[in-house]
Amino acid sequence: MQSREEAPRPRRLASPRGGRRPKRISKPSVSAFFTVAGGGSQGALRSQAQSFIAHNFKQLSRMGSVREESLADLSLAQLLSILRLDSLDIESERTVCHVAVQWLEAAPKERGPSAAEVFKCVRWTHFREEDQDYLEGLLTKPIVKKYCLDLIEGALQMRYGDKLCKALVLKPDSSSSCVVPTAENPPQRLGMCAKEMVIFFGHPRDPFLCYDPYSGDIYTMPSPLTSLAHTKTVTSSAVCVSPDHDIYLAAQPRKDLWVYKPAQNSWQQLADRLLCREGMDVAYLNGYIYILGGRDPITGVKLKEVECYNVQRNQWALVAPVPHSFYSFELIVVQNYLYAVNSKRMLYYDPGHNTWLNCASLKRSDFQEACVFNDEIYCICDIPVMKVYNPARGEWRRISNIPLDSETHNYQIVNHGQKLLLITSTTPQWKKNRVTVYEYDTREDQWINIGTMLGLLQFDSGFICLCARVYPSCLEPGQSFITEEDDARSESSTEWDLDGFSELDSESGSSSSFSDDEVWVQVAPQGNAQDHQGSL
């Protein structure tokens, strides 16, 4: 047993599952998808190709310097079919306009006459105030001057002029004849409707909850583990989010890995992991998913092996093992390094050198939760103590204690829109958990209650939380989770039964169950919550 735990495993690759496309863009797949997206009789393939390009449109728009992989290689019909999609994952309509210009300038003589038709796909009404200089800059481009100067001038007048035009009508002597209607007010692209929300991951069989602590909006996201949870082959999950807000979920103790597809509100299964684990954690760093820690579910031996998933290639490998096994810990990313931290030690992984190194440990008797905020590691340790690690200085410091409640049995901290949030859960009544959200005021070094919701959760409410950018229009509404506060509080407190509590092990990525009759209540947030937001 001891020799197995200490012996490093050789590096090896796992074969990808046949027919499963990696999430990241690879050069061969991009060209192939461009070809398929152009049309043909296979509608399902065309739809799949358009969905792929729509989700990765922002990344593809930056690939103009690589000609064979650029959106500029699309035919006119292909380009128009993409630019007309509502499902483009973009944050600004400027991205669509940029791609249109990029495509025209790739072959100005051949494509110039189609400029007006291409620019009809741009939704000018959704340009922002700060985009005015960009639009004015388009007027200086030779291809715009020659083929569609009046159209761009009309777009500027419509969006930023004193009087709104009902339509953009080119002058009779214009070299291109086109009318661009604007009265119907085209919908925003999908990505422009995105919203960062706190996601609650509970029992694998139940849907996940997406919650905005400031507005009180609540939605549900399906769980990919529902069928497996009913067979009792999955007990919990570990989750992480990429900088592009891709959500990855790893099952425990199985080898399954999924990635969330927001536009379809569904999960895609990826290549199986190399090892079965329980008590592990997962993190994303520079195109790779790292899984470590925990123990073998059969032998109980704590594992030192570190699994690494290449997102682009859909393949797993073993990298340098950790010198110490980890259980009840957190795996987090700061800058370009991976940190594993628990109450007694902290290690960091340098992917460039494939090595693990020691750094200043927390040296506490208890460890609850950790997250990254402003490139520092915030840790809840001996409650109510909160300590912060600065990687640049290699030093720990202590900040204001978190709010203390003897009934609190779950503590989560998340980085939500550049605000540090503390999420706690107490059980004031039978099967009712009050979830309270606090925001940390960095200038005043204090925690501010921004809202509370009272819900019906099972006592084993060791849910885990993270923040991600999701699309509310693609999620299921969460109104069925909401009830009146007075109704929720009307039950007698004599029905309390605390025997069902289980010890939280959020560091291992474990999660616990929501009840079948789960209900959430939004209690009116404090009136000065928005003022506190603006002061941070």
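Two strands count as paired if DSSP finds at least two bridges between them. Helices (H or I, at least four residues) and strands (E, at least two) are DSSP runs, numbered from the N terminus. The model is predicted: local features need pLDDT of at least 70, side-chain atom pairs count only at pLDDT 80 or more, and totals for chains, interfaces and linings use all residues. Residues are numbered from 1 along each chain as its sequence is written, and side-chain values use heavy atoms, with hydrogens and water left out.

**View 1. An open sheet of 5 strands in the order β26-β3-β4-β5-β27**. The pairing in this sheet is antiparallel. β26 (464-470) and β27 (476-477) are at the edges and have a single partner strand each, so one side of each lacks a neighbour in the sheet. Within the sheet, β3 (residues 195-201) and β4 (residues 208-211) are joined in the antiparallel sense by 3 bridges. Ile199 lies opposite Cys210 in β4.

**View 2. Packing of helix α5 (residues 76-83) on helix α6 (residues 94-106)**. The helices pack at an angle of about 175°, and their axes are 11 Å apart. Axes are lines fitted to C-alpha atoms, for helices over the stretch in contact, and angles run from 0 to 180 degrees between N-to-C directions. α5 and α6 are therefore roughly antiparallel to each other (a term for angles over 145 degrees). Contact means heavy atoms within 4.5 Å. The contact residues comprise 7 nonpolar, no polar and no charged. Here Ala, Val, Leu, Ile, Met, Phe, Trp, Tyr, Cys and Pro count as nonpolar, Asp, Glu, Lys and Arg as charged, and the others, Gly among them, as polar. In α5, 6 of the 8 residues are buried, where buried means under 20% relative accessible area (1.4 Å probe, protein chains only). These are Gln78, Leu79, Leu80, Ser81, Ile82 and Leu83.

**View 3. Strand β8 (residues 257-261) and its two antiparallel partners**. β8 is mostly covered, with 4 of its 5 residues buried. Strand β7 (residues 247-252) is joined to β8 by 3 bridges, and Ala250 stands opposite Leu257. The β7-β8 hairpin has 4 residues between its strands. To strand β9 (residues 266-269), β8 is joined by 4 bridges; Lys261 has Ser266 as its bridge partner. The hairpin of β8 and β9 also has 4 residues between the strands, and Asn265 takes a positive phi near 50° there.

**View 4. Strand β20 (residues 386-390), with 5 of its 5 residues buried**. In a regular strand the side chains alternate between the two faces of the sheet. Met386, Val388 and Asn390 lie on one side of β20 and Lys387 and Tyr389 on the other, and both faces are covered. Strand β19 (residues 376-380) pairs with β20 in the antiparallel sense over 4 bridges, with Cys379 opposite Lys387. The β19-β20 hairpin has 5 residues between its strands. Strand β21 (residues 395-399) pairs with β20, also antiparallel, over 5 bridges, with Met386 opposite Ile399. In the hairpin of β20 and β21, 4 residues separate the strands, and Gly394 in the turn has a positive phi of about 65°.

**View 5. Two stretches with pLDDT below 50, residues 37-41 and residues 163-183**. pLDDT is the predictor's confidence in each residue, from 0 to 100. The chain averages 79, and 73% of the residues score at least 70. Beyond near neighbours in sequence, residues 37-41 have 9 contacts in the model, and residues 163-183 have 38.

Terms used
Angles under 35 degrees count as roughly parallel, over 145 as roughly antiparallel, 65 to 115 as roughly perpendicular and the rest as oblique. Buried means under 20% relative accessible area, exposed over 50%, partly exposed in between (1.4 Å probe, protein chains only).
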